[in-house]
Amino acid sequence: MPCRRATIAVVALAALLAGCSGSEAPSAGPTTSAGATTIAGADGGDPRAFPVFIDPDQPILVAVGARFGILLPAEHSAGFRWQLVGRPDPGVLAPLGNELLTSTTALPGDGDAEVISFAARREGNATVELRYVGSDGNPDPAGRTARFSVTVTATGEPPPAPETTTTTTTSTRRR
């Protein structure tokens, strides 16, 4: 597990820092598509790879059976972590747990992050609400929260737009 954790940590922190700097992720690291960054091994062929999402303003769209994560900055050394507020619809999403990612470089500004993982169980919509809490379970003084909207479809593609039909009615007046 330490090797896997280190690989995920390096790639996830690179993705987080790339997202914060506005530059594109390096080609040897994570791949980004429709608001998601895929955590993969250095060779890009890690079978345990899964997409992670960092922007609460972007809806998450995944396929039934897929694993995905939410990546948020965290200061575990100060005793803080992300905690689910309530539970997302358990028929749609199954929480898989939280994983601490620590900085593996000595660059200033690097920090820890946390991945909160889920499995998509069936088609539907769910909301994942998280709050940043201290080791005592109380919210941090800044009151940081994050709310992600998740849609699970059979294919991971957006559902088709509803068909619109036009109904014309005519009436006849009798005199």
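Two strands count as paired if DSSP finds at least two bridges between them. Strands (E, at least two residues) are DSSP runs, numbered from the N terminus. The model is predicted: local features need pLDDT of at least 70, side-chain atom pairs count only at pLDDT 80 or more, and totals for chains, interfaces and linings use all residues. Residues are numbered from 1 along each chain as its sequence is written, and side-chain values use heavy atoms, with hydrogens and water left out.

**Sheet**

Strand 6 pairs with strand 9 (residues 124-133) in the antiparallel sense, over 4 bridges. Within this part of the model, Leu84 stands opposite Leu130 of strand 9. The open sheet has 4 strands in the order 4-10-9-6, and its pairing is mixed. Strand 4 (60-63) and strand 6 (81-84) each have a single partner strand and stand at the edges, so one side of each lacks a neighbour in the sheet. On average, neighbouring strands of this sheet are turned by 35° against each other, direction ignored; the axes behind such angles are lines fitted to C-alpha atoms.

**Salt bridges**

A salt bridge is a side-chain nitrogen of Lys or Arg within 4 Å of a carboxyl oxygen of Asp or Glu. The whole structure holds 3 salt bridges.

| Pair | N to O distance |
|---|---|
| Arg122 and Asp89 | 3.8 Å |
| Arg147 and Glu129 | 3.8 Å |
| Arg144 and Asp140 | 2.9 Å |

Arg122, in the loop between strand 8 and strand 9, and Asp89, in the loop between strand 6 and strand 7 (93-101), are 33 residues apart. Arg147 belongs to strand 10 (residues 145-153) and Glu129 to strand 9, so their pair ties together parts 18 residues apart in sequence.

Relative accessible area (1.4 Å probe, protein chains only) defines buried as under 20%, exposed as over 50% and partly exposed as in between. Arg122 is partly exposed at 41%, as is Asp89 at 33%. Glu129 is partly exposed at 31%. Arg144 is partly exposed at 37%, whereas Asp140 is buried at 4%.

**Glu114**

Glu114 lies in strand 8 (residues 112-120). The side chains of Glu114 and Asn98 form a polar contact of 2.6 Å; such a contact is a pair of N or O atoms within 3.5 Å, where within protein one must be able to donate a hydrogen and the other to accept it, and residues adjacent in sequence count only if both atoms are side-chain atoms.

Note on methods
Axes are lines fitted to C-alpha atoms, for helices over the stretch in contact, and angles run from 0 to 180 degrees between N-to-C directions.
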